Amino acid sequence: DRVRIYSWVGGDVPGEIADAAAEQVASGQPGLKMNACGQLSPIPTPAEIDDIVNRVAAARAVLGDERDIALDFHGRAGLAAVRRILPELAPLRPFFVEEPLLPDQAHHLRDVVISSPVPVATGERLYSRSEFLAPLQAGVSVVQPDLSHAGGISEVRRIAALAETYGAKLAPHCPLGPIALAACLQV
């Protein structure tokens with residue numbers, strides 16, 4: 001009868017992240033998800049890393065320790081970037097980092113998971129349980145199938161069962177509206 005949720009705030013404009021987080025707190029949201037970064041150098045500069053950390057720190061300052069922050073990389077970072085960024089983010093205790101690598105770089109996912117002090121999530125671009133097997137074997141903490149793209153309720157239930165065998169959690173990807181949200185809640 002309960003589902004842990006978060007809402008989206010964007011987070012592209014550093015000066016607006018604290019206000020967006022405050023709006024979420026005022027509306028009673030238990031957490032938020034935000035962009036981890038915009039365009040990023042293949043091996044990020046200290047300034048790029050500081051920008052990411054400072055935006056997350058601004059959100060954490062408003063949210064406190066009672067609320068979650070999830071960060072979406074949208075596949076914009078490569079292995080070298082993620083290895084530099086995630087340890088810097090760890091003290092801010094993100095709930096998870098989403099899609100640190102694109103699916104075509106899945107062969108590096110285990111390296112990210114092993115080197116990351118932050119839980120790793122992925123799956124919005126994966127469409128069947130067979131595509132989730134490699135990320136689960138790599139050790140991801142959270143799988144995020146999108147019910148609208150990954151075969152609906154039945155296939156996502158199968159993906160969830162597979163994830164359970166690997167100790168991973170399910171957080172359905174759901175940006176498509178109230179019907180998709182209702183389906184996610186059923187799962």
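**Briefing: pocket lining, annotated domain and a helix pair**

The lining of the largest pocket consists of 17 nonpolar, 5 polar and 5 charged residues (Ala, Val, Leu, Ile, Met, Phe, Trp, Tyr, Cys and Pro count as nonpolar, Asp, Glu, Lys and Arg as charged, and the others, Gly among them, as polar). The model is predicted: local features need pLDDT of at least 70, side-chain atom pairs count only at pLDDT 80 or more, and totals for chains, interfaces and linings use all residues. Residues are numbered from 1 along each chain as its sequence is written, and side-chain values use heavy atoms, with hydrogens and water left out.

**Largest pocket**
- The volume of the largest pocket is about 910 Å³ (the space filled by probe spheres set on grid points joined across faces, edges and corners).
- Of its 27 lining residues, R4, I5, Y6, A171 and P172 are the closest to the centre.
- A pocket is an open set of points on a 1 Å grid over the protein atoms alone, where a 1.4 Å probe fits, with protein on both sides within 12 Å along at least five of seven lines; lining residues have an atom within 4 Å of a point.
- Two or more lining residues come from each of β1 (7-10), β7 (169-170) and α7 (178-186), and α7 gives the largest share, 3 residues.

**Helix pair**
- Helices α5 (residues 129-138) and α6 (residues 152-165) pack at about 25°, with axes 10 Å apart (axes are lines fitted to C-alpha atoms over the stretch in contact, and angles run from 0 to 180 degrees between N-to-C directions).
- The two helices, α5 and α6, are therefore roughly parallel (angles under 35 degrees).

**Annotated region**
- Residues 14-119 carry the annotation "domain: Mandelate racemase/muconate lactonizing enzyme C-terminal" in an unreviewed UniProt entry; such annotations may be inferred rather than shown by experiment.
- Residues 14-119 are 43% helix and 12% strand (DSSP runs: helices H or I, at least four residues; strands E, at least two).

Notes
Parallel < 35°, antiparallel > 145°, perpendicular 65-115°, else oblique.
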